[in-house]
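Here is my note on the model you asked about. Please keep the 3D view open as you read.

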Amino acid sequence: MTDEPVRLGIVGLGRIGRFHAANLFGRVPAVRLVEIVDADAGVAREQSRLLGGVAWSTDYRRLLEDPEIEAIVVASPTPYHAEMVEAAAVAGKHVFCEKPISLDLGRTYQTLDAVREAGILLQVGLHRRFDPDYRAAWQRIVAGDIGDVYLFRTSLRDMRPPPLEFLKGSGGFFADVTLHDFDTARWLVGEVEEVTAVGAVLAEPRLAEMGDVDNAVVVLRFVSGALGVLDNSRSAGYGYECSSEIMGSKGTLRIENNRRVSVQSLVPGEVRQDFVHDFVERFADAYRIEMEHFARAVRQGTDPEVGGADAAAAFVIAEAAKRSHLERRTVRLSATSKDGGVFYEEVG
């Protein structure tokens, strides 16, 4: 093992890709950003300028063919994730991939097979597992501080919806928004056996034509018997919020860090406090820490804490929530351990 920085390339310089690139360039000492790639030459050139002149290209193959690059961050649009991960696996490059791996479960499993056969490491961008607050809650749960978990409650609310063009390719509300909650629920509480979801179109009427929703409530029943209640919105108006509560037999944990500063302004008749604007602002530390974790896994040759099986599991639960909403019924799930992960399927 060496202490040399992991040499990385990144493909996809949209909103989250640019954020990752900035972290990799100046905020994660364990990595060295070698090259950036985007289909839009203007975007790639401008990001190169902002990143100190790092090499740039519009050709993903350059990352695959460069012997200096050890690992690739895939932040391209979702339809390209699976093929890019598979190409990286064939080239022997470790991969960090934004979620989901694919909007087709069979394609997801095909990609995981390719990763396993190539012997590369795959970490998926389920960033909440690396947020200091959620991480601290997880540690207390594992330590038994709150006893047996009875209830998991979470709210995930965007200030306003993203552009309609993004929504058309997002995979739908449950796969794009609620998926993070499903992963967090599994991580903090355990496996899920029932999903009941109710959704509505309240903020963006055009979503109804796409068969999608912009607000939803999901009830989970865990294998342990514990319950989960999730409320999500694409258009909360007041700001971005991600808050959770885990109630146990001996105590309760609450996570409510959605402020830029912990200062209240008291004026006659009112108390004012700011809210963060979006998920990038709220989880800035988590995005940096997940990259540090990925670099450490690559350098030490250890499996990342959150991998492809976790992404697949959250996606199956998301699809179950979508089916529950559309068919107005509870969907049952089964979970099976295999190849070092837990794999889900619908059973009724």
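1. Strands here are DSSP runs of E with at least two residues, and helices are runs of H or I with at least four residues; both are numbered from the N terminus. Two strands pair if DSSP finds at least two bridges between them.

2. A word on the source. This is a predicted model, in which local features need pLDDT of at least 70 and side-chain atom pairs count only at pLDDT 80 or more, while totals for chains, interfaces and linings use all residues. Residues are numbered from 1 along each chain as its sequence is written, and side-chain values use heavy atoms, leaving out hydrogens and water.

3. Look inside this sheet. Strand 4 (residues 71–74) and strand 5 (residues 94–97) run parallel, joined by four bridges. Ala 71 stands opposite His 94 in strand 5. Axes are lines fitted to C-alpha atoms, for helices over the stretch in contact, and angles run from 0 to 180 degrees between N-to-C directions.

4. Is Ile 72 buried or exposed? Ile 72 sits in strand 4. Its relative accessibility is 0%, so Ile 72 counts as buried. Buried means under 20% relative accessible area, exposed over 50%, and partly exposed in between (1.4 Å probe, protein chains only). Residues touching Ile 72 include Leu 8, Tyr 60 and Phe 96, leaving aside those up to four places away in sequence. Contact means heavy atoms within 4.5 Å. Leu 8 is 64 residues from Ile 72 along the chain, yet their C-alpha atoms are separated by 5.6 Å.

5. Eight strands form an open sheet in the order 12-11-7-10-9-8-15-16, with mixed pairing. Strand 12 (252–255) and strand 16 (341–346) are the edge strands, each pairing on one side only. The twist averages 15° from one strand to the next.

6. Strand 7 (residues 149–157) pairs with strand 10 (residues 227–233) in the parallel sense over seven bridges. Ser 155 stands opposite Asp 231 in strand 10. Val 229 also belongs to strand 10. Val 229 is partly exposed, at 34% relative accessible area.
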